[in-house]
Amino acid sequence: MLSTVLAQVPQASTLQLWGAGAFGAIIGWYVYYVNRYRKADVQLSDLVSVVGVLGGGAILAIFPARTDLFGAYGIGLFAGFFGYLFVLAILVAASKNFDRDYFLDGRRKRLPDHYYIPAELQQPVRPLAVPGEVSIQIQARGTAESSSQPAGSSRPARQRTRGP
Amino acid sequence: MDIAPIGSFGLGSAWGWLTYLLARGARRVVLTSSVLAGATLLLAAEVFILAGRVSTLTFVLGAALAFLIHLGWNKQLRSSARSRAP
């Protein structure tokens with residue numbers, strides 16, 4: 001009886017599998033991106049949105065139960081989500097302005113006098129973690145050093161202490 | 001080859017990694033933890049409906065593993081930053 005039921009389950013084509021995987025990759029990449037640029041603290045609506053995006057009604061509607069499409073979606077999601085982190089890690093490692101502590105709270109080298117960041121550019125807030133005790137130490141130190149900040153830097157002190 | 005358990009592991013890994021990020025940033029810890037636990041159950045139920053029991057297990061395994069790896073990495077970053085601080 002089980003074999004009869006399984007025989008009736010529609011099989012996904014290769015194109016459908018690749019499509020589901022690519023869809024998952026975009027969702028995964030975008031979820032990491034959105035969370036990295038999130039400025040406010042976590043709200044209940046954020047959690048609802050994340051759950052809805054990762055596995056909401058759309059996923060249930062798009063992927064029929066017992067097909068490989070859901071598996072392809074999950075593999076793509078993994079690739080997109082951790083691909084973002086991987087690319088970020090490569091860029092941080094390649095840059096002279098960042099070290100691995102960037103992943104802790106977004107710290108980076110202070111801008112030289114002739115460089116500035118335009119105020120209208122959005123800064124990522126959470127590369128990996130959230131402000132913790134290390135950030136608080138930096139904030140305390142940053143307050144003491146605020147008088148020595150280069151005149152060309154346009155970034156407000158709060159953003160600098162909280163990371164990208 | 002059945003790829004549903006592998007995909008469920010991938011979904012669980014992304015969710016576990018994200019769970020740590022969201023839980024760490026929360027002010028109301030009890031409420032956020034409860035909501036995250038509920039959301040995890042919801043996702044696990046979805047995986048069970050779509051892909052079955054084995055996939056649900058791999059989803060939970062992936063989520064737990066990613067959560068712990070993220071926690072460990074964060075702790076290691078913090079301790080190394082603290083040890084280098086003047």
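Good morning. I begin with one residue, B:Thr56, which is found in helix 3 of chain B. Please keep in mind throughout that this is a predicted model. Is B:Thr56 buried or exposed? Its relative accessibility is 15%, so B:Thr56 counts as buried, the limit for that class being under 20%. Once residues up to four places away in sequence are set aside, B:Thr56 touches B:Ala44, B:Val47 and B:Phe48.

With a relative accessible area of 11%, B:Ser80 is buried. Which residues does B:Ser80 contact, leaving aside its neighbours within four places in sequence? They are A:Arg100 and A:Asp101 of chain A. The C-alpha atom of B:Ala64 is separated by 22 Å from that of B:Asp2, and the two residues are 62 residues apart along the chain.

Let me turn to helix 1 of chain B, where B:Gly10 lies. B:Gly10 has 2% relative accessibility and therefore counts as buried. What does B:Gly10 touch, not counting residues up to four places away in sequence? The answer lies in chain A: B:Gly10 touches A:Gly74 and A:Phe78. Within chain B, B:Gly10 and B:Leu68 are 58 residues apart in sequence, and their C-alpha atoms are 15 Å apart in space.

I now come to chain A as a whole. Chain A has eight helices and zero strands, and its pattern along the sequence is α-α-α-α-α-α-α-α. Of the 164 residues in chain A, buried residues make up 39%.

A:Arg108 lies between helix 6 and helix 7 of chain A, in the loop that joins them. At 25% relative accessibility, A:Arg108 counts as partly exposed. A:Arg108 and A:Leu85 are 23 residues apart in sequence, with 17 Å between their C-alpha atoms.

The next topic is the interface. How many residues of each chain take part in contacts between chain A and chain B? There are 45 residues of chain A in contact with 44 residues of chain B. The size of an interface is often given as the accessible area lost when the parts come together. Between chain A and chain B, the buried area is about 3,900 Å², and carbon and sulfur atoms give 70% of that area.

Which elements of chain A form the side that touches chain B? Those giving two or more residues are helix 2 (14-36), helix 3 (44-55), helix 4 (57-62), helix 5 (69-94), helix 6 (102-105) and helix 7 (133-145). Helix 5 of chain A provides the largest share of this side, 11 residues. By residue class, the side of chain A that touches chain B divides into 29 nonpolar, seven polar and nine charged residues.

Finally, I consider the nonpolar core. The largest one has 44 residues, and those with the most contacts inside it are A:Leu54, A:Phe70, A:Tyr73, A:Phe81, B:Leu11, B:Trp15 and B:Leu18. Both chains supply this core: helix 2, helix 3, helix 5 and helix 6 of chain A, and helix 1 (4-24), helix 2 (29-51) and helix 3 (53-84) of chain B, each give at least two residues. Helix 5 of chain A contributes the largest share of this core, 11 residues.

To close, let us look at A:Leu54. Which residues does A:Leu54 contact, leaving aside its neighbours within four places in sequence? In chain A, they are A:Ile27, A:Val31, A:Ile59, A:Tyr73 and A:Leu77. In chain B, they are B:Leu11, B:Trp15 and B:Leu18. Thank you for your attention.

Key:
Residues numbered from 1 in each chain as written. Chains lettered and ligands numbered in written order. Predicted model: local features only at pLDDT ≥ 70, side-chain atom pairs only at ≥ 80, totals over all residues. Heavy atoms only, no water. Contact = heavy atoms within 4.5 Å. Buried area = accessible area lost by both parts, 1.4 Å probe. Helix = DSSP H or I, 4+ residues; strand = E, 2+ residues; numbered from the N terminus. Nonpolar A, V, L, I, M, F, W, Y, C, P; charged D, E, K, R; others polar. Core = buried A, V, L, I, M, F, W, Y, C linked by side-chain atoms within 4.5 Å. Buried < 20%, exposed > 50% of the residue type's maximum accessible area, 1.4 Å probe, protein only.
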